[in-house]
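Dear colleague,

Please find below the structure that I am handing over to you.

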Amino acid sequence: MPRKTNGIEIEIHPGPRKGEDGKPLLYVRPAKGHKKTVADMELFCAKYRGLSRSEFIRVFELALEVTTMWLKDGYRVETPFGSFAPKLKLMGEHTDPKTIRGKDVRYAGVDFKPCRRLVKEAGNGREGFRKGNGPVGNSQMHDPQAMEAALRRSMGNGFVTIPVFMIFSGLKRDSARRYLDSLCRGNNPRFKKVLCGRLWHYIPVQPMPKE
């Protein structure tokens, strides 16, 4: 059967939960690297929608300027794409509303809620999905031999760091950190974790296994 060439390309990744066979349950997400920029949108609209390129960028710049101006005043701003509102964070622990003052509140980013039209039309007329050619993301984390080999290659000056281990293991930062942290736990940990400056050093407390 010929390989599917249309539809959304997906990546497969192991999640934190495990199935009945003891292996990580998998999840999918759109493949990385598939993106369109405002410049792409500008060019498309100029070629196929009769909108001048300078006019397109000007509209976006004005929309951004006005939206941020109103967000600073605490408004939820509704647009054709959806609505934007400031996210707030309450510092400290409070049980009595009378104890809360303005200084206890911090700005915590922007909340975006897509409009119904955006959600609906983005899901209409899809060509299905297709698996990418790459391996299951971070699947090497569950191959003990691969991880041991990466660990040995990462050793420098008697310790391992997360950035170096990421290079040799191919893991993403969070997965590399979780794996190295797992070596520091238990009744008989293989490594200890020491903060040097702003970088964690993972130092073996047991001899490294020979190849």
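In these notes, a residue is called buried under 20% relative accessible area, exposed over 50%, and partly exposed in between (1.4 Å probe, protein chains only). The model is predicted, so local features need pLDDT of at least 70 and side-chain atom pairs count only at pLDDT 80 or more, while totals for chains, interfaces and linings use all residues. Residues are numbered from 1 along each chain as its sequence is written, and side-chain values use heavy atoms, with hydrogens and water left out.

Searching the whole structure gave seven salt bridges, each being a side-chain nitrogen of Lys or Arg within 4 Å of a carboxyl oxygen of Asp or Glu.

One of them joins Arg 76 to Asp 111, with 3.2 Å between the closest N and O atoms. This pair links distant parts of the chain, 35 residues apart: Arg 76 is in the loop between α2 (53-72) and β3 (77-78), and Asp 111 is in strand β5 (residues 105-114). Helices (H or I, at least four residues) and strands (E, at least two) are DSSP runs, numbered from the N terminus. Arg 76 is partly exposed at 37%, and Asp 111 is partly exposed at 23%.

Helix α6 (residues 173-182) holds both Asp 174 and Arg 177, three residues apart; their closest N and O atoms are 3.8 Å apart. Arg 177 also forms a salt bridge with Asp 181 (3.8 Å, N to O), four residues away in helix α6. Asp 181 counts as buried, at 13% relative accessibility, whereas Arg 177 is partly exposed at 32%. A network of salt bridges links Asp 174, Arg 177, Asp 181 and Lys 193.

With kind regards
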